[in-house]
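These are my notebook entries on a two-chain complex. I went through the coordinates by topic and wrote down what I looked up in each place.

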Amino acid sequence: MGLESAQIHQIVKEKFADSVLEEAADAVDPFIVVKPGVIEDLAYFCRDDTRLEFDLLSCISGVDYPERNVIEVIYCLDSTPNKHWLIVKVVLPRDNPRVRTVENVWRTADWHERETYDLLGVTFEGHHNLIRILCAEDWVGYPLRRDYVMPETYRGIRNVVY
Amino acid sequence: MSPENLTPDPLVKNLVFMNSVDYLVNLTRSNSVWPLTFGLACCAIEMMATGASKYDIARFGSEAFRATPRQADLMIVAGTVTHKMAPRVKRLYDQMPEPKYVIAMGGCVIRGGPYVKYGYHVVKGVDLVVPVDVYVPGCPPRPEALLEALFKVQKLMRREKILDRTRKTTKPEVYRPAAPQAV
């Protein structure tokens, strides 16, 4: 087994002391919240640091919190040599969610970021091909936002049952 | 084949000569229905089971699943039709030669199934896109149910007239429901 979550958080905090906003090492799924601006540097650090070696990005997902008026983007990192993991969250404003892409760090981030863009409308700056991946190209709106309203028709095909 | 399958349909009794031609043609066509290899979701697993040895759709002459719509005369829509897929379904249907038949297999295809209320991406019934001849309810339907649907399609085929290849008289229409009136 690799490092404990608290140790991983400590290593990250040493490097990015003033960018870690929140840390929960004893939660069921331990996570850290960092400033959106440092996500690419943090990703390079997590991948290349010999103690961490997070060589696998298992998931990027997003959650909409309309009551706090934020969208959270969650990065799940795994280390196959060290067999430990880390969850990093960034909190973005709901009206203009923008964050730097990590596509250059892990290639797999390409499609994950496109999915988060497609369903939640988070813009990943620097992404080479940020287009919808699941919905059709001319789809309107971001379906996983809480205030999303289903379209009545799509391309002339009715979408509601009366 | 059971004996009642061989008796001509009572609807076609007028034309003595064409009747027997129709009867022969329909007998051959209905016993070699070629379905389109077309699975969209989990119902396709049951469709594959129907084609495999245990349920063996080959007993009824439909084992030749064609990989191109141009050689198929039956489309089994097996699985959830999304709005992104609907234009492709329509195009495949248009590419099939007349006379052609459609089986709507499973709840999603009939009226949206579990996605009927909150599934923003699911077409609420494939009959909004293409005309459907036989509906098979179930989630997914058992292979026996799909075989029963095939028999219903064969029954429809035996009513065909050779002079009416586009099925003007027997083809169902695309479902165009009216919006509800304000009360």
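What is the mean pLDDT of chain B, and what share of its residues reach 70 or more? I put this first since the model is predicted. I found a mean pLDDT of 85 for chain B, with 88% of its residues at 70 or more. For the complex, the predictor gives an ipTM of 0.76 and a pTM of 0.81.

**Entry: the contact between the chains**

I looked up which residues make the contact, and found that chain B contributes 14 residues and chain A contributes 10 residues. Sorted by class, the side of chain B that touches chain A holds 8 nonpolar, 3 polar and 3 charged residues.

**Entry: chain A as a whole**

I counted 3 helices and 9 strands in chain A, and reading along the sequence I noted their order as α-β-β-α-β-β-β-β-α-β-β-β. Along the principal axes, the C-alpha atoms of chain A fill a box of roughly 55 × 30 × 25 Å. Of the 162 residues in chain A, 27% are buried. Taking contacts in chain A between residues at least 6 apart in sequence, I noted that 48% join residues at least 24 apart.

**Entry: the nonpolar cores**

Which residues touch the most other members of the largest nonpolar core? This core has 42 residues, and the ones I was looking for are B:Val77, B:Ile103, B:Ala104, B:Met105, B:Val126 and B:Val153. I then listed the elements of chain B that give two or more residues to this core, namely α2 (43-51), β1 (74-78), α3 (86-95), β2 (101-105), α4 (107-111), β3 (134-136) and α5 (143-157). The largest share, 6 residues, comes from α5(B).

As general background, nonpolar side chains tend to be buried together in soluble globular proteins.

**Entry: α2 against α5 in chain B**

At what angle do the axes of α2(B) and α5(B) cross? They cross at roughly 75° and come within 9 Å, and since angles of 65 to 115 degrees count as roughly perpendicular, I recorded α2(B) as roughly perpendicular to α5(B). On the α2(B) side I noted B:Glu46, B:Met47, B:Ala49 and B:Thr50, which meet B:Pro143, B:Leu146 and B:Leu147 in α5(B). By class, this contact has 5 nonpolar, 1 polar and 1 charged residues.

**Entry: links across the sequence of chain B**

Is B:Leu40 buried or exposed? I placed B:Leu40 in the loop between α1 and α2 of chain B, and it counts as buried because it has 20 C-beta neighbours inside 10 Å. Setting aside its neighbours within four places in sequence, I found B:Leu40 in contact with B:Ala78, B:Gly79, B:Thr80, B:Val81 and B:Met85. The C-alpha atoms of B:Leu40 and B:Val81 are 7.0 Å apart, although 41 residues separate the two in sequence.

I next turned to B:Val25, in helix α1 (residues 16-30) of chain B, which is partly exposed, with 16 other C-beta atoms within 10 Å. Its C-alpha atom is separated by 7.9 Å from that of B:Ile162, 137 residues away along the chain.

**Entry: backbone details**

I looked up cis peptide bonds and noted one that joins B:Glu98 and B:Pro99, with omega about -10°; B:Pro99 is in the loop between α3 and β2 of chain B. The bond from B:Cys139 to B:Pro140 is also cis, with omega near -10°, and B:Pro140 lies in the loop between β3 and α5 of chain B.

Among residues other than glycine, I noted a positive phi near 60° at A:Asn69, which lies in the loop between β3 (56-65) and β4 (70-79) of chain A. A:Asn69 is exposed, with 10 other C-beta atoms within 10 Å. B:Asp56, not a glycine either, has a positive phi of about 55° and sits in the loop between α2 and β1 of chain B.

Technical notes
Residues are numbered from 1 along each chain as its sequence is written. Chains are lettered from A and ligands numbered from 1 in the order in which they are written. This is a predicted model: local features need pLDDT of at least 70, side-chain atom pairs count only at pLDDT 80 or more; totals for chains, interfaces and linings use all residues. Two residues are in contact if their C-beta atoms, placed from the backbone, lie within 7 Å. Ala, Val, Leu, Ile, Met, Phe, Trp, Tyr, Cys and Pro count as nonpolar, Asp, Glu, Lys and Arg as charged, and the others, Gly among them, as polar. Helices (H or I, at least four residues) and strands (E, at least two) are DSSP runs, numbered from the N terminus. A residue is buried if 20 or more other C-beta atoms lie within 10 Å of its own, exposed if 12 or fewer, and partly exposed in between; C-beta atoms are placed from the backbone. pLDDT is the predictor's confidence in each residue, from 0 to 100. A nonpolar core is a set of buried Ala, Val, Leu, Ile, Met, Phe, Trp, Tyr and Cys residues joined through C-beta atoms within 7 Å. Axes are lines fitted to C-alpha atoms, for helices over the stretch in contact, and angles run from 0 to 180 degrees between N-to-C directions. Angles under 35 degrees count as roughly parallel, over 145 as roughly antiparallel, 65 to 115 as roughly perpendicular and the rest as oblique.
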